[in-house]
2 protein chains.
Amino acid sequence: MTDIRKIEAAAERLRGHATVTPLLSSPFLDELAGRQLLVKAECLQKTGSFKFRGGWSAVTALLAEQKSRGVIAFSSGNHAQGVALAARTLAVPAVIVMPSDAPRVKIENTRNLGAEVVLYDRATEDRFAVADRAGGARGLTLIQPFDDEEVIAGQGTVGLELVEQAAVFGVNRAEVLVCCGGGGLTAGIALALEKHAPAMIARTCEPEGFDDVARSLVSGSIERNERLSGSLCDAILTPSPGKITFPILKRLCGAGLVVSEDEALHAMALAFEHLKIVLEPGGAVSLAAALFHGQDLKMPTAIAVVTGGNVDREVFYKALERFC
Amino acid sequence: MTDIRKIEAAAERLRGHATVTPLLSSPFLDELAGRQLLVKAECLQKTGSFKFRGGWSAVTALLAEQKSRGVIAFSSGNHAQGVALAARTLAVPAVIVMPSDAPRVKIENTRNLGAEVVLYDRATEDRFAVADRAGGARGLTLIQPFDDEEVIAGQGTVGLELVEQAAVFGVNRAEVLVCCGGGGLTAGIALALEKHAPAMIARTCEPEGFDDVARSLVSGSIERNERLSGSLCDAILTPSPGKITFPILKRLCGAGLVVSEDEALHAMALAFEHLKIVLEPGGAVSLAAALFHGQDLKMPTAIAVVTGGNVDREVFYKALERFC
């Protein structure tokens, strides 16, 4: 089971390899949000998303013999890049299975990081079957994108960092808003908060139409999305929360927040203007929740974990054209 | 005289008020640079540039009576915003004298931070005379943009931070490339390195046509630029290095580096793609030097201090259109 000790051990392994991402703020965004708003900028993590943490944590936890055979992962792009860079740095072979409609920048970067990329059709093919076909015979170890104890531990290091950074600003009570796909990052952060910041609570943030986690938190059991594609928030279009992550979310998180795609694009434009960071739509939903759904928040301070910045130029332009 | 004790005292005053900006890296940029490249991202500082540090340091060092009368500053925009936010936070009145051709975003932000903005014509009016006219009768204290001991001390905290952050990556020997206008930031960083990282050396970076500091370092005395405007690198178009800063630069810095405006725009595009940060041209010249002038560098590691991100959307587009 992932617990605080596993997260702290992952933090040790990540030290000197992952970027300590900053906790940003802007008086303009405080004003817009109507409360103190701190932004944990994981788009600045190596490979442009928090996923490098989980990838590094998982690959470094493998046995030597598993490392020599190699790893396989399936991902729309951020987990792909995180695992690919971790594997390359540690001289471990990597096969990455990606949907063919993933942003071009993510597919290119994953290839450029030395991974063998296998594309599949998100609408007609099952990614588990594709992964099995690509890696089965070679004895590759599958690095799950979220339902993996060491991956969750790696993502949880975001929570350790933000608690320490918020304390410097005198903040120990806050709602921590997290962009949520399968729930690995949110679960890891929630476990870190439980131990180190009991007056902070994690809340999941999702795009409309893909609010499986929010609905699961209401019903108390795992719900699925009807659609599997069709949103600019490609990074977090997971069909349902994980078997490992959901019990953690259910035990520790507040109600889920849901934002529109337009709100995510608007948050991207405001992050460009006031924080000087580049976000992808799926990485901006937490900031959108803080800025545009303040009525659903309860505390005077919100910490938005913005999770990725791997966006094609055209989508970035679209956000700026419409909302700058 | 600014010394390491003044810098350390400024760091104490800034704690909990300034953002601890991250030291970023990307395997793609390492490859392009042909060496290990770390990027200290001061564009992520409050108000979008390192200038908040110097502004806060200077305003907090004033006597109570000076604070109650207020402060005045002249600036193309980044010092303006830094002083304005520091003053507003500390309830000190602020008048800011700005050139009328400064980027729109900088003028607007300074006004929105509660400062009284006075515009002047950079080509025909003397900014000191304008400042004197606007503030003389009210007994405002002038906060110089770089030739001020407490401002230099505040900027020097960038050096303290980057030394500590580089050590986590095992780096204690490097050339530290700094975007240089009047030399306040470079002087402060050089003093911090002298004490805490004697195997690191600061090097100034400037745009072609505005290389007063590089020429001054060659001749050994203060040289001036022929032109005072006409570059997208508006943040660092200072006529000459300062009387306080230049002796420090002369004693501690290596030879100055000079890049073209196109190289600065190219660095902005690469920072968007690979670091997920927003840079203005003047804030990107250090990164441009690391990426495109490697032949002028001597050590296996470069640390580029990128200094600001207050860029109008059109200029940002221009960089992306041409170089993405």
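Modeller: Helices (H or I, at least four residues) and strands (E, at least two) are DSSP runs, numbered from the N terminus. By those rules, A10(B), R13(B) and L14(B) in α1(B) meet R53(B), W56(B), S57(B) and T60(B) in α3(B). This is a predicted model, where local features need pLDDT of at least 70, side-chain atom pairs count only at pLDDT 80 or more, and totals for chains, interfaces and linings use all residues. Residues are numbered from 1 along each chain as its sequence is written, with chains lettered from A and ligands numbered from 1 in the order in which they are written.

Colleague: Why is α9(B) called oblique to α11(B)?

Modeller: Helix α9 (residues 184-196) and helix α11 (residues 245-252) of chain B pack at about 45°, with their axes 9 Å apart. That angle is what makes α9(B) oblique to α11(B). The crossing of α9(B) and α11(B) is also left-handed (the near helix is turned anticlockwise from the far one by less than a right angle; clockwise would be right-handed). On the α9(B) side, the contact includes G184(B), T186(B) and E194(B), while α11(B) brings T245(B), I248(B), L249(B) and L252(B).

Colleague: And what classes of residue are in the contact of α9(B) with α11(B)?

Modeller: There are 6 nonpolar, 3 polar and 1 charged residues. Here Ala, Val, Leu, Ile, Met, Phe, Trp, Tyr, Cys and Pro count as nonpolar, Asp, Glu, Lys and Arg as charged, and the others, Gly among them, as polar.

Colleague: How do you know that T307(B) counts as buried?

Modeller: A residue is buried if 20 or more other C-beta atoms lie within 10 Å of its own, exposed if 12 or fewer, and partly exposed in between. T307(B) has 33 C-beta neighbours inside 10 Å, so T307(B) counts as buried. T307(B) sits in the loop between β10 (301-306) and α14 (313-323) of chain B. Among the residues T307(B) touches are E42(B), F50(B) and G283(B). C179(B) is 128 residues away along the chain, yet the two C-alpha atoms are separated by 6.7 Å.

Colleague: What makes α13(B) a mostly covered helix?

Modeller: In α13 (residues 281-292) of chain B, 11 of the 12 residues are buried, including P281(B), V285(B) and L291(B). For α13 of chain A the count is likewise 11 of 12.

Colleague: How many residues do chains A and B bring to their contact?

Modeller: 28 residues of chain A are in contact with 28 residues of chain B. On the chain A side, α2 (27-33) and α14 (313-323) each supply at least two residues. By class, that side has 16 nonpolar, 8 polar and 4 charged residues.

Key
Two residues are in contact if their C-beta atoms, placed from the backbone, lie within 7 Å. Axes are lines fitted to C-alpha atoms, for helices over the stretch in contact, and angles run from 0 to 180 degrees between N-to-C directions. Angles under 35 degrees count as roughly parallel, over 145 as roughly antiparallel, 65 to 115 as roughly perpendicular and the rest as oblique. Lists of a residue's contacts leave out its neighbours within four places in sequence.
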